[in-house]
Amino acid sequence: MGRARDGGRRGRDVTPKAAACCAWLAGVGFGAPCVYALVHFGRHGEVWTFLGFPTYGGGPFERIGLRTSLPLLGGFLAVCAAETCTGWLLWRRRPVARPLALAILPAEVAFWAGFALPLGFVLGAARTALVLMGRPGRTG
């Protein structure tokens, strides 16, 4: 049988879409609860607790003296929004998507580490590997 009708491109097309899904999972998965955490913190002055665990508090940030605050939560929400937008750009194969996905990674890593969010590292590593596997300028 030979090559598929799409000229063998099908396997390559999956990479940016898979990277986009990783970005969306992290961006929305951490960003949506962060919105609630911001509201809760603003109203009550304390970190929101979910299933007995403090969300966005009590982690390494606090151990180094950086207490949870509205600006800190707002900064994390902005990073989550940037990651969600990056996912859209990756899905659409926009040229700016690859450098943006790599550029936001240091801020993401800082927040994932500071808030003790291990799943962020898994999704970030997967997204980064998928982004690096793709070739710049490839269309399809």
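Trainee: Is Thr55 buried or exposed?
Mentor: Buried: this is a predicted model, and in it Thr55 has a relative accessible area of 15%. The cut-off for buried is under 20%, so Thr55 makes it.

Trainee: Where does Thr55 lie?
Mentor: In the loop between β2 (53-54) and α2 (60-63).

Trainee: And what does the side chain of Thr55 reach?
Mentor: The backbone oxygen of Trp48, at 2.7 Å. Trp48 is also one of the residues Thr55 touches, along with Ala37, Val47 and Phe50, if you leave out residues up to four places away in sequence.

Trainee: OK, switching to another threonine. Which helix is Thr86 found in?
Mentor: Helix α3, which covers residues 70-91. Thr86 counts as buried too, with 0% relative accessibility.

Trainee: What does Thr86 touch, not counting residues up to four places away in sequence?
Mentor: Ala97, Leu100, Ala101 and Ile104. As for Arg98, it sits 12 residues from Thr86 in sequence, and their C-alphas are 8.4 Å apart.

Trainee: New topic: α6. How many residues does it have?
Mentor: 16, running 118-133. From first C-alpha to last, α6 reaches 23 Å, close to the 22 Å expected.

Trainee: Which residues of α6 are buried?
Mentor: Gly120, Leu123, Gly124, Arg127, Thr128, Leu130 and Val131. Looking down the axis of α6, the buried residues fall within an arc of 165°, so they line one face of the helix.

Trainee: And which are exposed on the other side of α6?
Mentor: Pro118, Val122, Leu132 and Met133.

Methods. Residues numbered from 1 in each chain as written. Predicted model: local features only at pLDDT ≥ 70, side-chain atom pairs only at ≥ 80, totals over all residues. Heavy atoms only, no water. Helix = DSSP H or I, 4+ residues; strand = E, 2+ residues; numbered from the N terminus. Buried < 20%, exposed > 50% of the residue type's maximum accessible area, 1.4 Å probe, protein only. Polar contact = N/O pair within 3.5 Å; in protein donor to acceptor, adjacent residues only side chain to side chain. Contact = heavy atoms within 4.5 Å. Expected span 1.5 Å × (residues − 1). Arc of directions from axis to C-beta.
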